[in-house]
Amino acid sequence: YRLQDYVDDTIAFLKQVVSKPALVFGHSLGGIVALMVAAQYPEGVRAVAVGDAPLSGDTWREVIRASRNDLVVWRDLAGGQTPMPEMIETLKEMPVTVPGQSEPVPFRDVVGDDSPVFDQWLAPNLYHQDPDMLTAILERFDETAAGYEMPVVLPAIPCPVLLLQADPLTGGLMTDQEVAQALPHLARPQHVKLAGLSHVLHNERKEPVVAALEHFFRAT
């Protein structure tokens with residue numbers, strides 16, 4: 001579960017199945033992979049959109065450190081051993097830190113008890129996920145993240161890049177400071193900040209995300 005493994009697999013797919021320059025969108029970890037793919041296989045990527053992903057290995061490390069307790073819970077739930085209703089309830093009760101509040105609140109209070117984040121995204125994904133994927137970033141981070149450095153990866157991308165930023169005030173991972181650092185490294189950057197939308201983006205509310213992606217990709 002090294003980043004380079006994901007990148008190698010994605011490049012192989014682009015070469016063997018897509019076989020022409022592709023429009024690539026990656027969210028969170030997928031955004032990291034998308035950037036590395038565009039850097040290592042520029043002839044195969046026409047444009048890349050990054051959905052609220054850390055833009056350097058150092059930032060990603062800090063995200064993992066800050067969310068370690070959550071990731072341990074996710075790892076314990078992963079692998080298909082926990083019944084889906086029990087998993088959904090556990091996820092709803094997970095304490096979440098909200099900027100501006102002194103104490104964590106249940107995840108259900110942040111996104112809503114009926115949010116599709118629980119039963120349509122988090123729980124199904126964790127049910128099918130190999131727990132060792134989370135162990136890789138929790139216990140083998142340096143090996144897993146090797147090669148993901150902003151001054152190396154971003155300048156190697158010649159195509160248009162959209163940084164699709166969630167709202168830091170509602171749990172977005174892409175910070176204003178990091179966006180400002182990243183933009184000068186990109187040859188053809190664009191940036192959209194989605195006010196009020198959390199890190200889960202299209203899993204929370206798809207319309208503004210789809211609109212931003214359509215506008216970007218149709219112009220490339």
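1. First, a term: two residues are in contact when they have heavy atoms within 4.5 Å of each other. Helices (H or I, at least four residues) and strands (E, at least two) are DSSP runs, numbered from the N terminus. What you have here is a predicted model, where local features need pLDDT of at least 70 and side-chain atom pairs count only at pLDDT 80 or more, while totals for chains, interfaces and linings use all residues. Residues are numbered from 1 along each chain as its sequence is written, and side-chain values use heavy atoms, with hydrogens and water left out.

2. Let's start with helix 8 (residues 131-139). Its buried residues are M133, L134, T135, A136, I137 and L138; buried means under 20% relative accessible area, exposed means over 50%, and partly exposed is in between (1.4 Å probe, protein chains only). What do they pack against? The buried residues of helix 8 pack against helix 1 (3-18), helix 2, helix 3 (57-66), helix 4 (68-77) and helix 9 (141-144).

3. Have a look at the start of helix 8 too. There, a side-chain oxygen of D130 comes to within 3.0 Å of the backbone nitrogen of D132. That is a polar contact, meaning a pair of N or O atoms within 3.5 Å; within protein, one must be able to donate a hydrogen and the other to accept it, and residues adjacent in sequence count only if both atoms are side-chain atoms.

4. Four strands make an open sheet in the order 1-2-5-6, and the pairing is parallel. Two strands pair if DSSP finds at least two bridges between them. Strand 1 and strand 6 (188-194) are the edge strands, each pairing on one side only. On average, neighbouring strands of this sheet are turned by 15° against each other, direction ignored; axes are lines fitted to C-alpha atoms, for helices over the stretch in contact, and angles run from 0 to 180 degrees between N-to-C directions.

5. You can walk across the sheet bridge by bridge. Strand 1 (residues 22-27) and strand 2 (residues 45-51) pair in the parallel sense over six bridges. Within that pairing, A22 has V45 as its bridge partner in strand 2, and V24 has V48. Next, strand 2 and strand 5 pair in the parallel sense over four bridges, with L162 in strand 5 as the bridge partner of A49. Seven bridges then join strand 5 to strand 6, and these run parallel. In strand 6, Q190 is the bridge partner of L162.

6. How does the chain get from strand 5 to strand 6? It crosses through helix 11 (residues 176-182), and this β-α-β crossover is right-handed. Right-handed means that, with the strands pointing away from the viewer, the path from the first strand over the helix to the second runs clockwise. Strand 1, helix 2 (residues 29-40) and strand 2 also make a right-handed β-α-β unit.

7. Why is strand 5 (residues 160-166) called largely enclosed by the rest of the structure? Because seven of its seven residues are buried. Both faces are covered: P160, L162, L164 and A166 are buried on one side, and V161, L163 and Q165 on the other.

8. Q40 sits in helix 2 and is partly exposed, with a relative accessible area of 40%. Leaving aside neighbours within four places in sequence, Q40 is in contact with Q4, V7 and I11. N203, in the loop between strand 6 and helix 12 (206-218), is buried at a relative accessible area of 15%. Its contacts, again leaving aside neighbours within four places in sequence, are H27, P116, V117 and W121.

9. T220 is partly exposed, with a relative accessible area of 27%. Not counting residues up to four places away in sequence, T220 touches L23, R46, A47 and P160. Its side chain also reaches the backbone oxygen of F217 at 2.8 Å.

10. Last, the rings. A search of the whole structure finds four aromatic pairs. One is F216 with F217: the ring centres are 5.2 Å apart and the planes are at 50°, so the pair is tilted. The rule is that rings of Phe, Tyr and Trp (its six-membered ring) pair if their centres lie within 6.5 Å; planes under 30 degrees apart count as stacked, over 60 as edge-to-face and the rest as tilted. F216 is buried at 1% relative accessible area, and F217 counts as buried at 13%.
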